[in-house]
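Here's a quick briefing to read with the structure open beside you. Take it one topic at a time and find each part as you go.

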Amino acid sequence: MVLLTSYQFLLDSSADFLTVPTISESLAGRAAFLELWPFSQGELGEGPDGFLRRALEHPTSFRTDAASKLVTADYIERLCVGGFPEVTNMAPPARNSWFRNYVRTITQRDIRELTGARKTVQLPKVLSLLAARSAGELVVSHIHDDAQLGSRETTDDYIGYLKMTYMVHLLPAWSRNLTTKITRHPKVYLTDTGIAAHLLGKTPTALARPDDPARGSLIESFVVNELTKQLGWVGDEVRLHHLRDRDGAEIDLILETNDGRVLAIEIKAASSVTNQDTKWLKWLRDKLGDDFVHGFVLYTGDRPWSMSDRITAIPIAYLWTTE
């Protein structure tokens with residue numbers, strides 16, 4: 001008699017297993033892969049993280065929700081802290097020390113060990129350049145020129161290493177051939193806004209100034225990261241993109257389901273909204289017809305507003321405080 005025994009293991013890592021060049025075993029058919037992001041606001045104890053499912057199933061229901069208690073300064077504080085549970089209760093000096101050592105460990109030890117790369121001294125510079133472009137389109141030639149790494153292949157490798165270790169992630173462009181002028185560059189985001197703010201030298205006091213150039217991009221990064229985390233508990237049902245064409249049409253987030261339904265989201269760092277903020281949401285609604293489920297303007301104000309047919313402005317906090 002032969003006794004067959006099966007074993008199950010839970011393996012965790014700070015890198016994407018499938019992209020690590022020094023690992024030859026694929027584990028095809030024997031493993032399931034889960035991406036573990038920094039904690040969402042809900043996981044940090046703020047709420048149920050229920051926006052995504054509710055937006056797809058009952059999008060107009062947000063219009064009667066109670067006002068949010070959060071103001072712009074609260075969002076800025078949250079994005080500067082980020083989602084790593086270790087730092088949530090740290091004072092700013094200790095938090096900055098943690099971020100500094102985390103970046104150093106990933107870029108100077110982990111990537112070297114995972115890839116066999118010998119020259120990683122410029123990785124922190126590339127990461128800082130990407131932080132400065134968070135929520136912007138990734139044009140690798142611009143990174144290459146600013147980093148002055150010599151070889152374009154080295155720049156490509158460095159960006160790949162930072163993606164592999166989940167320091168950055170990309171948001172692909174979306175198109176249904178609505179226009180022949182869609183741009184194809186992905187947008188790049190640092191996976192944690194706390195690290196992004198640290199690399200840019202931004203404090204809550206600095207970001208509180210409406211004219212700070214990093215304020216809008218970091219708030220957008222914060223929202224995109226929260227929604228990316230929520231994708232983890234809706235399975236493969238929803239895909240996330242951005243839309244931009246050469247004639248000026250631009251929508252921060254396009255969420256498309258497997259059956260072709262679309263949610264569109266604009267993200268504003270302001271505490272008030274105007275009809276101008278809905279311009280491209282209305283354009284997409286009219287192009288898609290019934291496939292357009294709803295458009296949302298997420299902003300730092302406190303109340304929901306019905307702005308047009310299938311278009312609603314809501315506080316950013318509704319991402320995690322609604323069920």
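What follows is a short tour of the chain, from the overall picture to a few side-chain pairs.

Keep in mind that this is a predicted model. The chain holds twelve helices and nine strands, and 49% of its 323 residues count as buried.

**The whole chain**
- Take the contacts between residues at least 6 apart in sequence: 64% of them join residues at least 24 apart.

**The sheet**
- Six strands make an open sheet with mixed pairing, and their order is β4-β5-β6-β7-β9-β8.
- β4 (238–244) and β8 (305–308) sit at the edges with a single partner strand each, so one side of each has no neighbour in the sheet.
- Going from one strand to the next, the twist averages 25°.
- β5 (residues 250–257) and β6 (residues 262–267) run antiparallel and are joined by four bridges; Leu255 has Leu263 in β6 as its bridge partner.
- β8 and β9 form a hairpin with two residues between them, and Arg310 in the turn has a positive phi of about 60°.

**Two helices to look for**
- Helix α10 (residues 215–231) lies across β4, β5, β6 and β7 (292–299), and runs at about 150° to β6.
- Helix α5 (residues 123–132) has several buried residues, including Leu123, Val126, Leu127 and Leu130.
- What do the buried residues of α5 pack against? Their neighbours are the helices α4 (92–115), α6 (140–147), α7 (152–164) and α8 (193–200), plus the strands β2 (168–171) and β3 (187–190).

**Salt bridges**
- The count comes to 15 salt bridges.
- One of them links Asp212 and Lys202, with the closest N and O atoms 3.0 Å apart. Asp212 is in the loop between α9 (204–207) and α10, while Lys202 is in the loop between α8 and α9, so the pair ties together parts ten residues apart in sequence.
- Asp212 is buried, at 8% relative accessible area, whereas Lys202 is partly exposed, at 24%.
- Asp259 pairs with Arg261 in another salt bridge, at 3.1 Å between the closest N and O atoms. Here Asp259 is exposed at 54%, and Arg261 is partly exposed at 26%.
- Asp286 and Arg285 also meet in a salt bridge, 3.2 Å from N to O. Buried or exposed? Asp286 counts as exposed, at 57% relative accessibility, but Arg285 is buried, at 11%.

Notes
Residues are numbered from 1 along each chain as its sequence is written. This is a predicted model: local features need pLDDT of at least 70, side-chain atom pairs count only at pLDDT 80 or more; totals for chains, interfaces and linings use all residues. Side-chain values use heavy atoms; hydrogens and water are left out. Two strands pair if DSSP finds at least two bridges between them. Axes are lines fitted to C-alpha atoms, for helices over the stretch in contact, and angles run from 0 to 180 degrees between N-to-C directions. Contact means heavy atoms within 4.5 Å. Buried means under 20% relative accessible area, exposed over 50%, partly exposed in between (1.4 Å probe, protein chains only). A salt bridge is a side-chain nitrogen of Lys or Arg within 4 Å of a carboxyl oxygen of Asp or Glu.
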